[in-house]
Amino acid sequence: MVEAKKDHWDPAGIPLETFRKGRLGHAVLLHGPILNSLEKVTEKLAGEILGTSGSPAKHPDCRIIRPINRMRQIGVEPIRDLVKVVSHTANQGGRKVGIIVEADRMNLQASNAFLKTLEEPPADTNLILISARPNDLLDTIRSRCLSFKIPGGLVPIETPEWKSWLEDFDLWLTRIEKPPRDRKETSETVLRTYGLVQRFQETLTLLSASRLEEALEDLPDDMDDEQRAAVSAGVERGARSDLLAGISSALRDWVVSRSKERNEVVQRIRKLVLAVEETEMTAGLLALNFNGTAAIEQLLIKILRVWSRQ
């Protein structure tokens with residue numbers, strides 16, 4: 001497995017250099033904690049392979065598959081369609097690219113069909129799998145791919161709604177560190193907690209809508225409603241993942257800014273570790289289609305419990 005380094009961070013650097021040296025192979029697995037980062041690396045890599053500066057999604061020799069339907073699975077028919085496309089001669093005489101977004105969502109029949117393609121890969125074709133949960137792929141698929149681990153760099157979110165949310169989250173952390181003095185203060189803390197939950201969802205909706213508008217500009221015009229819904233769901237998951245990463249970063253910043261004495265540092269770091277673990281667990285639940293509002297509500301309540309302990 002090749003791991004992209006964080007120095008002068010360009011997560012696409014190593015996969016691109018590997019391709020330029022002719023060592024990429026026919027199948028690549030890009031994996032890491034943030035799906036949005038993986039998709040950006042995939043776009044750069046696919047563009048380099050196809051020799052285009054535009055969106056690979058609109059290139060005639062590129063086929064992209066995403067999870068669809070309520071179960072958010074990838075069935076066998078889309079895989080067969082991808083195989084059919086990449087088995088033909090390239091429209092523009094170059095290479096062909098097949099991309100499977102969230103490849104871990106392939107069901108067993110789809111996985112087996114794709115495995116046959118890996119065993120007998122079409123000529124002049126690169127197959128790119130991206131996954132935030134690579135261990136859910138069949139071992140036989142992973143072993144046939146050149147694997148790159150892409151670090152999950154924090155994606156900056158500059159919207160005023162998110163900045164305001166983080167400011168209030170900071171105040172909320174300061175408030176919950178000390179036990180409430182009376183019932184009134186307890187009630188106020190509970191109301192602030194549920195207010196943060198509601199505003200998190202509102203911020204997520206606005207961020208997802210903005211990103212979706214940008215994403216649709218780079219997608220083929222002939223996509224059907226189900227495919228567009230799959231893209232929309234993927235954009236929302238990416239936005240939610242970035243916001244959760246922002247919460248983890250805010251927790252760390254809050255601890256650093258308030259820890260002075262050694263004993264205080266040790267105590268707060270212990271609480272920080274527990275709080276970050278809860279955040280990562282929430283991200284895992286959301287990846288499994290757990291109800292978004294319920295997951296965020298549960299996360300803040302658990303952070304409240306962690307931070308209110310003496």
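A residue is called buried here when its relative accessible area is under 20%, exposed when it is over 50%, and partly exposed in between, with a 1.4 Å probe and protein chains only. By that definition cysteine 145, with a relative accessible area of 11%, is buried. The structure is a predicted model, in which local features need pLDDT of at least 70 and side-chain atom pairs count only at pLDDT 80 or more, while totals for chains, interfaces and linings use all residues. Residues are numbered from 1 along each chain as its sequence is written, and side-chain values use heavy atoms, with hydrogens and water left out.

The overall figures come next. Of the 310 residues of the chain, 44% count as buried. The secondary structure consists of 10 helices and 6 strands; these are DSSP runs numbered from the N terminus, with helices taken as H or I of at least four residues and strands as E of at least two. Along the principal axes, the C-alpha atoms fill a box of roughly 75 × 40 × 35 Å. The accessible surface of the chain comes to about 16,600 Å², and carbon and sulfur atoms account for 50% of that surface. Accessible areas come from the Shrake-Rupley method with a 1.4 Å probe, and for residues only the protein chains shown count as cover.

A contact means heavy atoms within 4.5 Å. Among contacts between residues at least 6 apart in sequence, 78% join residues at least 24 apart. For charges, Lys and Arg count as positive and Asp and Glu as negative, while His and the chain ends are not counted. Each charge is placed at NZ of Lys, CZ of Arg, CG of Asp or CD of Glu. The chain has 44 positive and 45 negative charges, and their mean positions are 5 Å apart.

The aromatic side chains can be taken as a group. Rings of Phe, Tyr and Trp (its six-membered ring) pair if their centres lie within 6.5 Å; planes under 30 degrees apart count as stacked, over 60 as edge-to-face and the rest as tilted. This rule gives 5 aromatic pairs. In one of them, tryptophan 165 and phenylalanine 169 have ring centres 5.1 Å apart and planes at 15°, so the pair is stacked. Both residues belong to helix α6 (residues 160-176), where a spacing of 4 residues separates them by about one helical turn. Tryptophan 165 is buried at a relative accessible area of 0%, and phenylalanine 169 is buried at 1%.

Phenylalanine 169 also forms a stacked pair with tryptophan 172, at 5.8 Å centre to centre and 25° between the planes. These two residues lie 3 residues apart in helix α6, about one turn of the helix. Tryptophan 172 has a relative accessible area of 2% and is buried. Ring pairs link Trp162, Trp165, Phe169, Trp172 and Phe200 into a cluster.

Helix α8 (residues 225-258) contains serine 248. The relative accessible area of serine 248 is 8%, so this residue is buried. Leaving aside neighbours within four places in sequence, serine 248 is in contact with Val276 and Thr279. Alanine 233 lies in helix α8 as well, but is partly exposed, with a relative accessible area of 27%. The C-alpha atoms of alanine 233 and isoleucine 68 are 8.9 Å apart, although the two residues are 165 apart in sequence.

The cysteines bring us back to the opening residue. A disulfide is a pair of cysteine sulfur atoms within 2.5 Å, and the count by this rule is 0. The sulfur of cysteine 62 is 16 Å from the closest cysteine sulfur, that of cysteine 145, which is too far for a bond. Cysteine 62 is buried, with a relative accessible area of 8%.

Glutamate 102 has a phi near 55°, a positive value in a residue other than glycine. This glutamate 102 sits in the loop between β4 (96-101) and α4 (108-119) and is buried at 9% relative accessibility. Aspartate 124 is not a glycine either, yet has a positive phi of about 55°. The position of aspartate 124 is the loop between α4 and β5 (125-131). At 46% relative accessibility, aspartate 124 counts as partly exposed, whereas glutamate 102 counts as buried.
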